[in-house]
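Here is a short briefing on one structure. It covers a strand, its aromatic neighbours and a charged residue in a loop.

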Amino acid sequence: MWKIILNIFALIVLGLGVVYKMNYQEKDQVYSARSMGIEGGDFTLSSDKGDISLSDYKGQTVILYFGFTTCPDVCPMSLSYVNNALRDIPNREDVKVLFISVDHQRDDASSVGMYARYFHKDFIGLAGTKDQIDSVT
């Protein structure tokens, strides 16, 4: 009788171990843009200094930030955070920040450029048509 109870107990412990491993053990999260249907790649948008492509910054770290110049709080706060974070890195000149406007109707290359430079003189503002912006995002 005690062997049956011991076997049942062992099966319960084994079952709980399997449930724990399947549900509660930390899992590595791997995100793949391609698996989500995101192609990525080079793009070209307009800045107040001419057309700029992502490939112009090959070999450098590029931070892409999507927003719009009439954004009341999130965009300015986030760009300020990015600027503050970049102050502490030793090779600041190797990091490019591209602010891409998603408001193709209101924002043009000139206004986006001025807006981006308000947060740091090296921030670059980019604008484009609806199709161009949709493709990049």
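Phe99 is buried, with a relative accessible area of 0%. Buried means under 20% relative accessible area, exposed over 50%, and partly exposed in between (1.4 Å probe, protein chains only). The model is predicted: local features need pLDDT of at least 70, side-chain atom pairs count only at pLDDT 80 or more, and totals for chains, interfaces and linings use all residues. Residues are numbered from 1 along each chain as its sequence is written, and side-chain values use heavy atoms, with hydrogens and water left out.

**Strand S4**
- Seven of the seven residues of S4 are buried, so the strand is largely enclosed by the rest of the structure.
- Helices (H or I, at least four residues) and strands (E, at least two) are DSSP runs, numbered from the N terminus.
- In a regular strand, side chains alternate between the two faces of the sheet.
- Both faces of S4 are covered: Val95, Val97, Phe99 and Ser101 are buried on one side, and Lys96, Leu98 and Ile100 on the other.
- S4 pairs with strand S3 (residues 61-67) in the parallel sense, over seven bridges; two strands pair if DSSP finds at least two bridges between them.
- Val62 stands opposite Lys96 in S4.

**Aromatic pairs**
- The whole structure holds four aromatic pairs.
- Rings of Phe, Tyr and Trp (its six-membered ring) pair if their centres lie within 6.5 Å; planes under 30 degrees apart count as stacked, over 60 as edge-to-face and the rest as tilted.
- Phe99 and Tyr115 have ring centres 5.3 Å apart and planes at 40°, so this pair is tilted.
- This pair links distant parts of the chain: Phe99 lies in strand S4 (residues 95-101) and Tyr115 in helix H3 (residues 109-119), 16 residues apart.
- Tyr115 counts as buried, at 14% relative accessibility.
- Tyr118 and Phe119 form an edge-to-face pair, 5.2 Å centre to centre with 90° between the planes.
- Tyr118 is exposed at 68% relative accessibility, whereas Phe119 is buried at 10%.
- One aromatic cluster is formed by Tyr65, Phe99, Tyr115, Tyr118 and Phe119.

**Asp107**
- Asp107 sits in the loop between S4 and H3.
- Asp107 is buried yet has no salt bridge (a side-chain nitrogen of Lys or Arg within 4 Å of a carboxyl oxygen of Asp or Glu).
- The nearest side chain of opposite charge is Arg106, 7.0 Å away.
- Leaving aside neighbours within four places in sequence, Asp107 is in contact (heavy atoms within 4.5 Å) with Phe68, Thr69, Ser101, Val112 and Ala127.

Conventions: Lys and Arg count as positive and Asp and Glu as negative; His and the chain ends are not counted.
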